[in-house]
Amino acid sequence: MNKNWQALSREAGIAAEHMAIGVTALGMANYAYPAYYGQAFFALTIGLERSAKLALLVDHAVRNAGAFPSESDIRRYGHDLTKLLGDAAKIATRLNIGELPSTPVHIAIVEILSEFANNVTRYYNLDVLTGAASAKASKDPIAQWHERVVQPLIKAHYKSRQRQKHEQGARLIENLAGAYSSVHHISESGNPLNNLYDASMQTAITAFVTPYVRVHVVQIIRFMSFLVSELGYEAQAQRLDDIPYLSEFFAIFKNDDKYVKSKKSWSIYPR
């Protein structure tokens, strides 16, 4: 076990666990717990960036008799997830191991996370407070997420029968406690929630759509997981001793959508 083997092994673990943390946090986020959106965005951007750079490193080694690319070759990507995942997709095409998901929702996920990673929206709230020009030129990442990722999935999956059930429950809560309650919240889109009915509906709809959001995020992660794993297999086939088997770090993300939809807590480590 040499230093390169150790570095690659640790990098794979860091990338995979950050993605697991992000998926878990995303499942807990709603208007009342907005910090989980921030935690999810931070972790997902770190995990996707590092897994993509890991793929680029190993792919270069496989094609160059074990030699890794230079620091400048990797550094030139910065934190541009769109570019990183795009180049990872080219590797996958060359190896004939699948395509990066590219529905409008998947594209929105990558673009929103890429802006966050590139500091365009990462400090949006601080930029608003300080009057930074970037805050005027960009949009709250949570609002973008709600508009471009959540709303299309609500439209696709949220049926009238489900809405009627949620409306009935929200009316019951409002009738029971509305006169004795004071609600002061803001929805993900930035609209005020000032009564129990609206707050209850927002909570119910978010809980309903969250599994669908999780599936779309993990589909992108799954693509990277298969790519990194396959590159690890290629390296082992060439007896490149600097490169460990990488598939075990990403195994949890290779489960099917049904599993992903139901699983709320994620980690690459046994618990």
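The structure is a predicted model, in which local features need pLDDT of at least 70 and side-chain atom pairs count only at pLDDT 80 or more, while totals for chains, interfaces and linings use all residues. Residues are numbered from 1 along each chain as its sequence is written, and side-chain values use heavy atoms, with hydrogens and water left out.

Eleven helices and two strands make up the secondary structure of the chain (DSSP runs, with H or I of at least four residues for helices and E of at least two for strands, numbered from the N terminus). Their order along the sequence is α-α-α-α-α-α-α-α-α-β-β-α-α. The C-alpha trace spans about 70 × 45 × 30 Å along its principal axes. Of contacts (heavy atoms within 4.5 Å) between residues at least 6 apart in sequence, 73% join residues at least 24 apart.

Of the 271 residues, 47% are buried, that is, under 20% relative accessible area with a 1.4 Å probe and protein chains only. One of the buried residues is Ser-200, at a relative accessible area of 16%. Ser-200 sits in helix H10, which covers residues 196-237. Leaving aside residues up to four places away in sequence, Ser-200 touches Ala-170 and Ile-173. Elsewhere, helix H6 (residues 124-130) holds Leu-126.

Key:
Buried means under 20% relative accessible area, exposed over 50%, partly exposed in between (1.4 Å probe, protein chains only).
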